[in-house]
Amino acid sequence: MSFDKNINPMKLHHLVGDMEADYIYTPGVAGDKFFKALRDEGKLLATSCETCKITYLPPRMYCERCFSELDKWIEAESSGVVDSFTLVHEDRDGKKLPEPVLVAFIRIDNTDGGLIHKLGGVDLDAAKIGMTVKAVLKDKSKRTGGLTDIDHFAPE
Ligand SMILES: [Zn+2]
């Protein structure tokens, strides 16, 4: 075994290979409840920590600051503010999309969290950081219990 230590911080290690960037997000208990409420009632649920005054959306079971279990569920607004956005040209597999899609990180009102989702009803020139948007849900019969039950966010 070699203990050849790299003591030069400027010397980079070089690895050849593929980096796996795909992963499956396991929503867990809090996610199950979140997606069920979205599918069945069209509501965005959040959990909140009263000690830290943090409202988590997507909801978490434990406060990441004080580690208390979070059992206070609240219905969040389905509106928010565009925090950042980008124009996406390829799908997750690197295939070119027929039309580029505007994707934004939306801070959900009255929470400390947000969602990454499609922006609709607005083009790149009109999209602005700070614009207020609202979730546009799919028809209830078409919802599957996933984030795509929100079709997109659109300006109010
Ligand atoms: Zn806390």
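Residues are numbered from 1 along each chain as its sequence is written. Because the model is predicted, local features need pLDDT of at least 70 and side-chain atom pairs count only at pLDDT 80 or more, while totals for chains, interfaces and linings use all residues.

Q: Which residues have the most contacts inside the largest nonpolar core?
A: A nonpolar core is a set of buried Ala, Val, Leu, Ile, Met, Phe, Trp, Tyr and Cys residues joined through C-beta atoms within 7 Å, where buried means that 20 or more other C-beta atoms lie within 10 Å of a residue's own, exposed means 12 or fewer, and partly exposed lies in between, with C-beta atoms placed from the backbone. The largest such core has 19 residues, and those with the most contacts inside it are Leu-44 and Ala-104.

Q: Which element gives the most to this core?
A: Helices (H or I, at least four residues) and strands (E, at least two) are DSSP runs, numbered from the N terminus. Among the elements that give two or more residues to the core are helix H1 (28–41), strand S1 (44–49) and strand S5 (96–108). With 4 residues, the element that gives the most is S5.

Q: Is Ala-135 buried or exposed?
A: Ala-135 is found in strand S7, and, leaving aside neighbours within four places in sequence, Ala-135 is in contact (C-beta atoms, placed from the backbone, within 7 Å) with Ser-78, Ile-150 and Phe-153. Because Ala-135 has 21 C-beta neighbours inside 10 Å, this residue counts as buried.

Q: Which strands stand at the edges of the open sheet?
A: The open sheet has 5 strands in the order S6-S5-S4-S7-S8, with antiparallel pairing, and two strands pair if DSSP finds at least two bridges between them. Each edge strand has a single partner strand, so one side of each is left without a neighbour in the sheet; these strands are S6 (114–118) and S8.

Q: Where is Pro-58, which is joined to Leu-57 by a cis peptide bond?
A: The bond between Leu-57 and Pro-58 is cis, with omega about 0°, whereas most peptide bonds are trans. Pro-58 has its place in the loop between strand S2 (54–56) and strand S3 (73–76).

Q: What is the phi of Lys-53?
A: Lys-53 lies in the loop between S1 and S2 and counts as exposed because 9 C-beta neighbours are inside 10 Å. Most residues other than glycine have a negative phi. Lys-53 has a positive value, near 55°.

Terms used
Contact = placed C-beta atoms within 7 Å.
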